[in-house]
Amino acid sequence: KPLDVTGAITSSSSITATSADINGPLAVEEVKEKVTIDTTTSGTLTFNTQTQAVIFLSANQSANRTIDFTNVNANMSTGESMTFAVLATQGSTAYYLNAYQVDSSSVTPKWSGGSAPSAGNASGIDAYSFTLVKTADATFTVLASVTQFA
């Protein structure tokens, strides 16, 4: 039987829970996502899905990159989804994320608009959004989009 804490919380201090199942309506007033500031400019970008929701690549990218979403299969159940963002700073020569992996296995995202990007956008920030849907053990549908901010 769930523990009833009605009326037990008497201050506005924070509550930390390592896990919770909400089986009814939930009102949320504010959500803050963990952003990791990353200064790498090339190589495989490892996105640990347990430690942040957003990676901001704050230095001008110098090569096209592979992204590998890690700690996904073990931490999601079939029928769950998670959404992540990558913000990639671009200089006068732009690069893009051109290979995609979930737990080191290649995936082909389904892109908003129907086409994967074939280049980055110079002198701005490319904002990628990825939604990973677990459809079976170690099986994912990945929905992706990219937006230019200049």
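A residue counts as buried when its relative accessible area is under 20%, as exposed when that area is over 50%, and as partly exposed in between. These terms are used in the legends below, which describe a predicted model.

Figure 1. The protein chain has 10 strands and zero helices. The C-alpha trace spans about 60 × 35 × 25 Å along its principal axes. Of the 150 residues, 30% count as buried. The accessible surface comes to about 9,400 Å², and carbon and sulfur atoms make up 49% of that area.

**Figure 2. The largest nonpolar core.** This core has 22 residues. Those with the most contacts inside the core are Ile-67, Phe-69, Val-86, Tyr-128, Phe-130 and Leu-132. Two or more residues come from each of β2 (45–48), β3 (54–57), β4 (65–70), β5 (81–89), β6 (97–102), β9 (125–136) and β10 (139–149).

**Figure 3. The surroundings of Ile-67.** Neighbours within four places in sequence are left aside in this view. Ile-67 is then in contact with Leu-45, Phe-47, Val-86, Leu-97, Ala-99, Tyr-100, Gln-101 and Phe-130. Val-86 and Phe-130 are, like Ile-67, among the residues with the most contacts inside the largest nonpolar core.

Figure 4. Strands of a sheet pair through backbone hydrogen bonds, in either the parallel or the antiparallel sense. Here the strand order is β2-β4-β6-β7, and the pairing is mixed. β2 and β7 (105–106) are the edge strands, each pairing on one side only. Four bridges join β2 and β4, which pair in the parallel sense. Thr-46 has Asp-68 as its bridge partner in β4.

**Figure 5. A salt bridge between Lys-32 and Glu-30.** One salt bridge is found in a search of the whole structure. The partners are Lys-32 and Glu-30, with their closest N and O atoms 3.3 Å apart. Are these two residues buried or exposed? Lys-32 has 69% relative accessibility, so this residue counts as exposed. Glu-30 also counts as exposed, because its relative accessibility is 57%.

**Figure 6. A nonpolar patch on the surface.** The patch is formed by Ile-22, Leu-26, Val-28 and Val-31. Together these residues have about 410 Å² of accessible area. Ile-22 lies in the segment before β1 (35–38).

Figure 7. Most residues other than glycine have a negative phi. Which phi value does Asn-71 have? Although Asn-71 is not a glycine, its phi is positive, at about 60 degrees. Asn-71 lies in the loop between β4 and β5. With a relative accessible area of 30%, Asn-71 is partly exposed. Ser-123, again a residue other than glycine, has a positive phi near 55 degrees. Ser-123 is found in the loop between β8 (110–111) and β9. Its relative accessible area is 52%, so Ser-123 is exposed.

Technical notes:
Residues numbered from 1 in each chain as written. Predicted model: local features only at pLDDT ≥ 70, side-chain atom pairs only at ≥ 80, totals over all residues. Heavy atoms only, no water. Core = buried A, V, L, I, M, F, W, Y, C linked by side-chain atoms within 4.5 Å. Buried < 20%, exposed > 50% of the residue type's maximum accessible area, 1.4 Å probe, protein only. Contact = heavy atoms within 4.5 Å. Patch = residues over 30% accessible without salt bridge, like charges linked within 9 Å, V, L, I, M, F, W, Y side chains within 5 Å. Areas by Shrake-Rupley, 256 points an atom, 1.4 Å probe, with all protein chains shown as cover. Salt bridge = Lys/Arg side-chain N within 4 Å of Asp/Glu carboxyl O. Pairing = 2+ DSSP bridges.
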